[in-house]
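Have a look at the structure first, then read on.

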Amino acid sequence: MIHTLDTIMSEYYQRVDIYKKMQHDVEDIINTLIEAHQIKISTMSLRIKSEQALRNKIISKDKYHHLEDITDVLGCRILTLFESDVERILELLEDTFEVCEIVDKRKKSKHNRIEFGYSSVHMVVKFTDERCKLVEYQKYQDIRFEIQLRTVLQHAWAEVEHGLGYKSYYEPPMDIKRKLNRLAGTLEILDEEFEAIRYEITLYNQSMNKVEKILKTDINKESLTAFADKSELLQEMVKQVADKYHFTIVHDPAIFSQQRLVAKLNFYGYQYIHELNDDMQQYQKSILAIGEELSRKINYDITSINYYSPILWFSFIPVIKNLLAERDASSENIIDDVILEAFKMNNGSIFNFFMEHHLQ
């Protein structure tokens, strides 16, 4: 045993620099794969087994003769957000590396829910002969390494389960096993539900190319963007202001978050896109007046206008409507005049103008 330990550790010291370089290259390759296929993951971590951890493994297993017998000197763990992405990444890895061994522990969980935390895929892979023809990868020929794939929920369960330390020589009491079963089943359901919600959101986003569907949708950043992209009225307003002030038109939906427009519209009582659309149609004269006045006062070094600005311009109108309602001004015919005059004056706030000129 001592001779074997010394042999393997000597090989480890000789090759540790190669493993470090390999760690960097593997990370680059997998990151490129994931980004190229637009897969969102939680985290990816790579590590080289420490000297002490390697010693402990050699002593405890008592079956290794050379460093190449140990397949997890370099290990990679990928945590996905969704179960289906485990399959997608697995297929990409199988196409990229030569698979030496694969253990799919998800199948086991179907028969024993306590094993939910171990519902992961373990792969032992190496660089393909084709890739190793490249000079920069030749030194990795026949070096095997391990990749683990699981969802963040599966990983969380595994970490907590390990921390509980219930696995020992003796079986845990039946009431503890029942509790673990319930919790494991709940987490499995959560994984499935997140997957289902993801699918529903995809269908929802795909439906945003139909105007009638958009109008029936509740107001959120995505529906506002889709509505604006389809609104002929909004297009006309932006074009008119852009032509008048020689602006170029840019599309930046970040304005919805920056100006908190969803929250503002909800506060003003707008829950659905059709409600917003109806009032924008009704107050289009005022919206355009606000846009032109604001554009006129913009610094001269500004040369562009945001395509989505009319929704921001519109957000001033409920303020005036509420102020008029508070003063029993029953006629809405004066709203356009109030708004136009407020924006023509150099007051710091539309509230100031209204308080000074209409609430006395």
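Which residues are exposed on the other side of α9? They are Glu-232 and Glu-236. Keep in mind throughout that this is a predicted model.

**The helix itself**

Helix α9 runs over residues 232-245, which makes 14 residues. From first C-alpha to last, α9 reaches 20 Å, close to the 20 Å expected at 1.5 Å a residue. Its buried residues are Leu-233, Leu-234, Met-237, Val-238, Val-241 and Ala-242. Look down the axis of α9 and those buried residues fall within an arc of 160°, so they line one face of the helix. Glu-232 and Glu-236, the exposed pair, sit on the other side.

What lies over the buried face?

His-246 is not a glycine, and it is found in the loop between α9 and β6. Asp-142 is another non-glycine residue with a positive phi, in this case near 70°. Asp-142 lies in the loop between β4 (121-126) and β5 (145-151).

How exposed are these two? His-246, at 70% relative accessibility, is over the 50% cut-off and therefore counts as exposed. Asp-142, at 46%, falls between the 20% and 50% cut-offs, so it is partly exposed.

Across the chain the mean pLDDT is 82, and 80% of the residues reach 70 or more.

| Element | Residues | Mean pLDDT |
|---|---|---|
| Strand β2 (highest) | residues 74-80 | 96 |
| Helix α17 (lowest) | residues 350-358 | 46 |

Over residues 353-360 the pLDDT is below 50, and this stretch has 16 contacts in the model beyond near neighbours in sequence. Residues 108-117 also stay under 50, with 27 contacts in the model beyond four places in sequence.

Methods
Residues are numbered from 1 along each chain as its sequence is written. This is a predicted model: local features need pLDDT of at least 70, side-chain atom pairs count only at pLDDT 80 or more; totals for chains, interfaces and linings use all residues. Side-chain values use heavy atoms; hydrogens and water are left out. Helices (H or I, at least four residues) and strands (E, at least two) are DSSP runs, numbered from the N terminus. The expected span of a helix is 1.5 Å times one less than its number of residues. Buried means under 20% relative accessible area, exposed over 50%, partly exposed in between (1.4 Å probe, protein chains only). The arc is that of the directions from the helix axis to the C-beta atoms. pLDDT is the predictor's confidence in each residue, from 0 to 100. Contact means heavy atoms within 4.5 Å.
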